[in-house]
Amino acid sequence: MTARTTRRTTAARSRLAAVGSIAVAGALILTGCGDQTSNGGSDEGTKETGKTSAAPLFDKLPKKIQDAGVIKAGTNAEYAPMEFQEGGKIVGVDPDIAAALGEKLGVEFQFTSGSFDGLITALNSGRYDVAMSSITDNKQRQEGLDDKGKKLGPGVDFVDYFVAGTAVYVQKGNPKNINSIADLCGQTAAVQRGTTYEKALQDQSKACTDGGKKKINIESFENDTEAQTRVKSGGAVAGVNDYPVAVDLARKAGGGNDFEVVGEQVDAGPFGIAVNKDNKELTAALEEAVNAIIEDGTYKKILEKWGAESGAIDKAAINGGK
């Protein structure tokens, strides 16, 4: 889950590893595909915000967003406690942080859930103003490159607001005695497609074969729920996820009886709010807003509410990921 300004050895590679595969689903109402939903927020009354607002950072926003009164945010609401659906709304750490940022900026963040690996493409196509979905800020995404360094798109800028690492979770009781990602050589592991922790498994699998061991059988799924189900059924010995997500899963799934987290989180990196590279004004405004909620204590209270204090940063950064 640290995009912030430093890299911790205790956190995971998070959500967005597959930088180029990004294309989004998005509508404010659930579709037949079942992957899109609104956060329940309405932009009624905000479109008349116009050019005036008492919010301290309103004047920092681009005029287009001032006039709309809304920042359209793409997400993949499948990662409790960061972002997930509850009672028909998108809730969690990210929506709460966004709401606090909206107070400083004088606008409403309006979340739409779609496929994770389509978020950046949808952002750069103009469907969203930002993407906020536990997205790991790294050079690959900043520059729009694939895993081999091939240019796939313009990339994005990130406003870093949280930090997290990769964690391994297994069935409760750890029947296969898995204690770290290195123990997965020759085993089957489940993961969501297009994430940084999918890349973590690929890197570890290569390390396995380079060391004379069997590769990891990586099963990649469209969504994380399918990966969790695979681990729960015993079809995969472990799943890999962002640390705060894995911890929340272990606490809550099956009343705390389905999974447990093993070892420590690794490869800490920052989570960032992704913004189109041409929208420097919005990027700068968001950076100021993140620092404002850190300074007034709102940020800390939100993380405490969701048990995500381990991901706290001291100061926002732009493109702080490596």
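Mentor: Helices (H or I, at least four residues) and strands (E, at least two) are DSSP runs, numbered from the N terminus. Keep in mind that this is a predicted model, where local features need pLDDT of at least 70, side-chain atom pairs count only at pLDDT 80 or more, and totals for chains, interfaces and linings use all residues. Residues are numbered from 1 along each chain as its sequence is written, and side-chain values use heavy atoms, with hydrogens and water left out.

Now the sheet. Glu86 sits opposite Lys89 in β4, and β4 pairs with β3 (residues 83-86) in the antiparallel sense over three bridges. The open sheet has three strands, ordered β2-β3-β4, with antiparallel pairing. β2 (78-79) and β4 (89-91) are at the edges with a single partner strand each, so one side of each has no neighbour in the sheet. In the loop between β2 and β3 you'll find Pro81, joined to Ala80 by a cis peptide bond with omega about 5 degrees.

On to helix α2 (residues 93-105). Its axis and that of α8 (residues 280-295) come within 9 Å and cross at roughly 105 degrees; here axes are lines fitted to C-alpha atoms, for helices over the stretch in contact, and angles run from 0 to 180 degrees between N-to-C directions. α2 and α8 are therefore roughly perpendicular to each other, a label for angles of 65 to 115 degrees. From α2, the contact (heavy atoms within 4.5 Å) takes in Ile97, Ala100, Leu101, Lys104 and Leu105, and from α8 it takes in Ala285, Leu286, Ala289, Val290, Ala292 and Ile293. That contact divides into 10 nonpolar residues, no polar and one charged, counting Ala, Val, Leu, Ile, Met, Phe, Trp, Tyr, Cys and Pro as nonpolar, Asp, Glu, Lys and Arg as charged, and the others, Gly among them, as polar.

Several of these names come back in the largest nonpolar core: of its 65 residues, Ile97, Leu101, Leu105, Phe109, Leu184 and Leu286 touch the most other members. Such a core is a set of buried Ala, Val, Leu, Ile, Met, Phe, Trp, Tyr and Cys residues joined through side-chain atoms within 4.5 Å, buried being under 20% relative accessible area (1.4 Å probe, protein chains only). Leaving aside neighbours within four places in sequence, Ile97 is in contact with Met132, Tyr161, Ile293, Tyr299, Ile302 and Leu303.

Note on methods: Pairing = 2+ DSSP bridges. Buried < 20%, exposed > 50% of the residue type's maximum accessible area, 1.4 Å probe, protein only. Parallel < 35°, antiparallel > 145°, perpendicular 65-115°, else oblique.
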